[in-house]
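Subject: A structure for you to explore

Hi,

Here is the structure I promised to pass on to you. Please open it next to this email, so that you can look up each residue as you read.

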Amino acid sequence: MTELSRPCDATRLPAAEQVIVASQHECTALAKRFGLVAVNALEARIMLKADGPTVRATGRLTADIVQSCAVSGEDLPVQIAEPIALHFVPPADSPESEEEIELEADELDEIEMDGTRFDLGEAVAQSLALAIDPYLEGPNAEQARRKAGIVSEGASGPLADALKGLLKK
């Protein structure tokens with residue numbers, strides 16, 4: 001079971017918009033899973049539409065999270081607002097070989113169903129993970145770099161000195 005499980009069946013899709021609101025317990029579990037300081041709120045509003053044997057899910061994900069600055073470690077509040085466009089597909093036949101397959105752009109957000117079942121909540125959780133900036137820097141990042149003695153790449157050395165000399169001419 002995932003932290004945000006909302007099982008659905010492709011043979012019995014609801015006509016109404018699906019609203020997923022994470023509970024406090026689910027938010028805490030998602031924060032732990034994704035290495036965040038906190039997930040304060042998470043909501044997704046999604047319409048499900050049958051498309052032959054597949055299901056298309058479109059909507060919007062919003063979240064209020066707190067994550068650490070990649071440089072200074074300070075806590076940074078972040079608001080996420082992302083569109084969701086997912087395609088749940090029937091299980092594929094297992095390939096005969098270990099042959100590499102190439103995906104087209106429209107196949108990148110395909111999620112394989114388990115028979116006719118899929119977990120919309122897990123898909124929302126994964127969408128949240130993809131929306132998180134892993135290299136987020138806060139306003140004190142540069143100061144933390146200087147304090148730690150970290151100099152930006154190319155700021156010194158023979159090539160940098162030569163380039164600086166060219167700029168002065």
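Below are some notes on what was found in it.

First, some ground rules. This is a predicted model, in which local features need pLDDT of at least 70 and side-chain atom pairs count only at pLDDT 80 or more, while totals for chains, interfaces and linings use all residues. Residues are numbered from 1 along each chain as its sequence is written, and side-chain values use heavy atoms, with hydrogens and water left out.

**The overall fold**

Along the sequence they follow the pattern β-β-α-β-β-β-β-β-α-α-α. The chain has 169 residues, and 30% of them count as buried. Here buried means under 20% relative accessible area, exposed means over 50%, and partly exposed is in between, using a 1.4 Å probe and protein chains only. A contact means heavy atoms within 4.5 Å. Among the chain's contacts with a separation of 6 or more, 64% are between residues 24 or more positions apart.

Which residues of helix H1 are buried? In this helix, residues 24–34, they are Glu26, Cys27, Leu30 and Ala31. Looking down the axis of H1, you will find these buried residues within an arc of 140 degrees, so they line one face of the helix.

Val39 is a residue of strand S3, and it counts as buried at 7% relative accessibility. Leaving aside neighbours within four places in sequence, Val39 is in contact with Cys27, Leu30, Ala31, Asp64 and Ile65. Just after H1, Gly35 has a positive phi of about 65 degrees.

**A pair of rings**

How many aromatic pairs does the structure hold? There is 1 aromatic pair. The ring centres of Phe88 and Phe118 are 4.1 Å apart and the planes are at 25 degrees, so the pair is stacked. For the cut-offs, rings of Phe, Tyr and Trp (its six-membered ring) pair if their centres lie within 6.5 Å; planes under 30 degrees apart count as stacked, over 60 as edge-to-face and the rest as tilted. Phe88 is in strand S5 (residues 75–89) and Phe118 in strand S7 (residues 117–119), so the pair ties together parts that are 30 residues apart in sequence. Both Phe88 and Phe118 are buried.

Pro90 is in the loop between S5 and S6, and Met113 is in the loop between S6 and S7. Pro90 is partly exposed at 31% relative accessibility, whereas Met113 is buried at 4%. Pro90 and Met113 are 23 residues apart in sequence, and 5.3 Å apart in space from C-alpha to C-alpha. Beyond its neighbours within four places in sequence, Met113 has contacts that include Pro53, Thr54, Pro90 and both Phe88 and Phe118.

**The largest pocket**

The largest pocket holds about 250 Å³ of space. A pocket is an open set of points on a 1 Å grid over the protein atoms alone, with protein on both sides within 12 Å along at least five of seven lines, and its lining residues have an atom within 4 Å of a point. Of the 14 lining residues, Leu86, Asp109, Gln126, Ser127 and Leu130 are the closest to the centre of the largest pocket. The elements that give two or more residues to this lining are S5, strand S6 (110–112) and helix H2 (120–131).

Enjoy exploring it!

Definitions and conventions
Helices (H or I, at least four residues) and strands (E, at least two) are DSSP runs, numbered from the N terminus. On a 1 Å grid over the protein atoms alone, a cavity is a set of points where a 1.4 Å probe fits but cannot get out, and a pocket is an open set with protein on both sides within 12 Å along at least five of seven lines; lining residues have an atom within 4 Å of a point. Grid points are joined across faces, edges and corners, and a volume is the space filled by probe spheres set on the points. The arc is that of the directions from the helix axis to the C-beta atoms.
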